[in-house]
Amino acid sequence: MTVIPLRLPRRLLEFTLDGQETRVPEGSTILDACRAAGKDIPTLCEGDTLTPKNACRVCVVEVEGARVLAPACSRKAEAGMTVLTDSPRARHSRKIVLELLASSTDLSTTPRAAEWIKEYKAKPDRFGPDAARLDEEPKIDNDLYVRDYDKCIQCYKCVDACGEQWQNSFAISVAGRGFDARISTEHDGPLTDSACVYCGNCIEVCPTGALSFKSEFDMREAGTWNEEIQTETTTICAYCGVGCNLTLHVQENEIVKVTSPHDNPVTHGNLCIKGRFGFQHVQER
Amino acid sequence: MKKRERTPKTYARITHPLVRDKKGGPLRRAGWDEALDRAAAGLDAARGSFGMLSCARATNEMNYVAQKFTRVVMGTNNVDSCNRTCHAPSVAGLSAVFGSGGGTSSYGEVDHTDLILMWGSNARFAHPIFFQHVLRGIRNGARMYAVDPRRTSTAEWAESWLGLNVGTDIPLAHAVGREIIHAGLHNTSFIERATTGFEDYAAEVEPWTLAVAEKVTGVPAEAIRDLAHAYARAERAQLCWTLGITEHHNGTDNVRALINLSLLTGHVGRYGSGVQPLRGQNNVQGGGDMGAIPNRLPGFQDILEPDVRSKFESAWNTVIRPEYGMTLTQMFEAMETGDLKAVYCIGENPAQSEADSEQAVERMKKLDCLVVQDIFLTATAELADVVLPATAAWAETDGTTTNSERRVQRVRKAVEPPGEAREDIDIICDLAGRLGHPWKYADAESVWNELRSVSPDHYGMTYERLAEHQGIQWPCPDTDRIEPTYLHGRLWDEDPARRGRLAPFGIVKHDPPVDLTDDQYPIRLTTGRRLDSYNTGVQTGSFASPLRRGEYVELCPEDAERYGVSVGEEVRISSRRGTVQAPVWVDPGLRPGLAFMTMHFPDEVDTNQLTIEANCPIAGTAEFKASAIRIEKLPVSGPVSGSVSGFVSAPAVRS
Ligand code: SF4
Ligand code: SF4
Ligand code: FES
């Protein structure tokens with residue numbers, strides 16, 4: 001990246017991570033330190049382009065001397081602290097979180113969920129079939145994107161992406177409280193009556209596939225979605241001169257969806273409707 | 001009121017070459033050899049009267065090869081592209097002041113500036129991801145001012161909206177400048193150090209008091225004063241504009257009037273302070289940088305400089321004519337007079353994108369030979385003698401493009417092209433070979449490396465570095481360092497030698513739109529873009545946008561009432577050049593006497609039949625933003641039928 005040093009380089013601080021002395025720049029989270037050290041901590045509501053909300057608690061770690069477990073995604077590393085990422089307590093807590101989530105929501109399209117469930121020996125059916133939080137048909141009210149709230153874990157990432165952190169369209173927000181809380185449009189209407197501008201920035205951050213491309217949704221329904229044979233190629237949007245970076249997901253020579261690199265200085269993972277959905281013209285063949 | 005088709009015509013990819021056996025006859029399928037032979041023969045016969053329309057949507061590499069083809073194979077500098085219809089005034093204005101046609105800042109600086117002045121730009125719709133940087137800037141505490149005849153959704157975010165009359169940007173800018181000077185807020189040390197012509201400028205703006213400007217521009221004096229003080233007092237400020245400034249018969253003067261404000265306040269050449277034209281096409285910046293313009297060689301080097309020419313002459317083993325070629329605008333005029341007989345048009349769609357499009361089509365029909373290379377059979381391709389199917393530059397081709405912040409980024413091939421379609425560069429090289437110049441490039445990277453060897457500003461950008469840094473902004477003369485994100489820091493240098501050429505104030509005068517409103521044509525029509533559609537709609541027509549509702553003429557509620565028309569009702573819209581029919585939409589963001597349309601659906605409503613070909617004499621850009629029109633209610637023909645859902649209510653303001 002083209003870096004202009006505006007301030008002095010950040011100072012490093014030292015702490016102990018799973019028994020190892022670790023140095024990270026001031027302001028880093030425990031999760032940043034874990035990732036830098038190559039540790040694989042499960043995360044769901046954390047978004048690399050968003051301010052942490054610490055809603056899901058699947059990333060918890062044990063901080064020595066603290067009464068409660070700390071969410072690695074949002075707890076800042078402090079000099080001298082001692083952190084255990086894989087202690088029995090932390091593992092047990094993750095297991096419970098995964099069980100609660102997996103028994104109440106459909107994690108079938110959550111990347112890595114199955115892997116974590118196995119790793120933490122979670123029993124998703126522990127609370128029986130009545131635990132399902134919702135049981136509704138996916139909402140298909142336009143040709144671009146589908147909302148399947150059975151898969152929603154209410155991490156609020158989409159609300160943040162649509163709201164003041166990025167898009168500022170405020171088309172989706174949280175309705176209801178407590179058990180009734182859910183992501184919704186104004187008056188729970190169809191997207192086409194909302195303020196949605198179909199930038200798909202909410203889809204980009206959704207960790208579970210509750211929000212997805214219609215193209216992906218249809219292919220999954222038809223049983224033709226196959227990530228193993230897909231390629232991902234990053235190129236530049238064909239439309240305006242902003243120059244957004246598009247990652248084209250291609251399966252059998254068809255563009256099946258478009259994402260955007262999160263660490264890119266132009267887009268930070270965001271696109272507009274044309275970049276996100278306007279690829280079809282090259283495929284009119 | 002009939003139900004309108006919501007999805008515009010979709011274009012199918014061209015998968016094999018097409019030729020036309022005789023003028024007026026049909027296009028028929030041909031093999032590559034036959035098509036290329038015909039194209040070569042047609043171009044060969046027209047040596048000396050040839051023009052290249054290069055493509056501002058294709059890669060830098062393709063633009064480099066296209067202009068080299070024009071200069072080396074065809075021996076002329078007649079190469080241009082659609083930058084002429086949009087941002088040529090920005091390039092002309094910026095290079096007259098700073099010697100370089102690029103915007104001076106980067107997007108990241110917008111996140112960290114103190115004031116953002118959006119002038120004639122509905123960025124929330126036209127440049128949405130740039131606007132995210134603006135929004136971040138606002139969240140970080142920047143104040144935004146929006147200057148626009150329409151109260152757009154961009155203006156909704158502004159601290160203050162200055163709704164000026166179409167075509168009064170210079171009076172407004174002059175009044176802002178005068179107020180800054182009179183309040184003693186101008187940056188005297190910067191003016192003395194880095195600029196020339198301040199005295200003349202001060203004299204030029206002197207008559208533009210707030211009161212006079214209020215009368216001419218329609219903006220309350222207090223709002224002008226407020227903007228002047230805020231802009232001058234801001235520690236850092238970004239001045240951004242788009243086609244609202246450039247698409248006028250005096251677009252370059254408009255640009256100069258805005259740059260004057262940055263010179264007056266020293267808001268240029270520093271991190272967070274600068275001027276940014278936001279480009280409309282993905283590679284307008286790059287096309288010009290690559291020399292696909294009639295007056296510059298690759299690296300934006302002036303063709304009239306003997307040293308520059310001789311460098312290219314020895315690199316290309318050729319002789320370069322020491323003269324500027326024809327602009328796109330001049331080429332169209334030369335088609336009329338028969339001075340231009342053959343055109344090689346790559347991408348582009350002038351048959352629908354030119355102002356007064358009917359005239360443009362008539363002119364192209366006069367050509368002896370029109371070769372069109374495209375991915376679709378556009379309205380322009382339908383006029384061609386030879387049609388060559390190309391790959392989509394952004395998804396089926398390797399190369400680079402350059403965005404509005406001068407960032408050169410890699411485009412990469414992700415899918416295989418359809419049928420017999422071939423890459424632009426290969427096609428051009430095949431034609432060059434048939435015309436006696438057997439060029440071979442192994443790949444796009446070898447074209448890029450040739451460009452690097454002749455363009456100092458690009459020398460440091462290897463493909464490897466471009467990938468590593470997620471794009472690099474020019475200038476980048478060295479392979480081991482990255483320059484600052486902003487241009488012209490030199491203007492702040494203490495040392496006059498390093499400071500270089502001083503920046504001249506532009507002494508420009510108010511000149512109202514050419515197409516005057518009167519009793520017959522009482523409404524001012526201005527044009528622009530919608531969020532989900534793009535230019536002549538050829539690409540965006542293919543995806544099912546829920547936002548799309550086809551073309552409408554947008555009126556303010558008062559005018560709609562005055563004409564007795566309601567949303568969805570078809571009206572006749574006439575200018576001094578043509579007549580079209582479109583339904584009405586009511587937009588409270590418009591003011592009485594102002595109507596708005598786009599060019600996105602030319603197959604449904606050909607808005608460019610209305611626009612005027614009044615060109616900026618310096619840049620050649622037409623006055624798309626200011627036509628005079630008349631609106632007529634159509635006689636009711638039978639009962640209302642069909643579903644009109646979605647057309648009956650006033651639009652929700654989308655933001
Ligand atoms: S597509 Fe964009 S505007 Fe629509 S809900 Fe998602 S983030 Fe919001
Ligand atoms: S995604 Fe939207 S803002 Fe970005 S380059 Fe494409 S058209 Fe422009
Ligand atoms: S990922 Fe940390 S709380 Fe959800």
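This is a predicted model: local features need pLDDT of at least 70, side-chain atom pairs count only at pLDDT 80 or more; totals for chains, interfaces and linings use all residues.
Residues are numbered from 1 along each chain as its sequence is written, while chains are lettered from A and ligands numbered from 1 in the order in which they are written. Local features need pLDDT of at least 70 and side-chain atom pairs pLDDT 80 or more, totals for chains, interfaces and linings use all residues, and side-chain values use heavy atoms, with hydrogens and water left out.

**Exercise 1.** Work out which strands pair with β14(B), and whether its faces are buried or exposed.

Step 1: Strands here are DSSP runs of E, at least two residues, numbered from the N terminus; two of them pair if DSSP finds at least two bridges between them.
Step 2: β13(B), residues 342-346, runs parallel to β14(B) over 5 bridges, with Ile346(B) opposite Gln373(B).
Step 3: β15(B), residues 386-389, is also parallel to β14(B), over 4 bridges, and Val387(B) partners Val372(B).
Step 4: Buried means under 20% relative accessible area (1.4 Å probe, protein chains only). Cys369(B), Val371(B) and Gln373(B) are buried on one side, and Leu370(B), Val372(B) and Asp374(B) on the other.
Step 5: That's 6 of the 6 residues, so β14(B) is largely enclosed by the rest of the structure.

**Exercise 2.** Find where ligand 2 lies and what surrounds it.

Step 1: Ligand 2 lies between chains A and B.
Step 2: Its neighbours (a heavy atom within 4 Å) include Cys237(A), Tyr239(A), Lys274(A), Pro128(B) and Ile129(B).

Notes: Buried means under 20% relative accessible area, exposed over 50%, partly exposed in between (1.4 Å probe, protein chains only).
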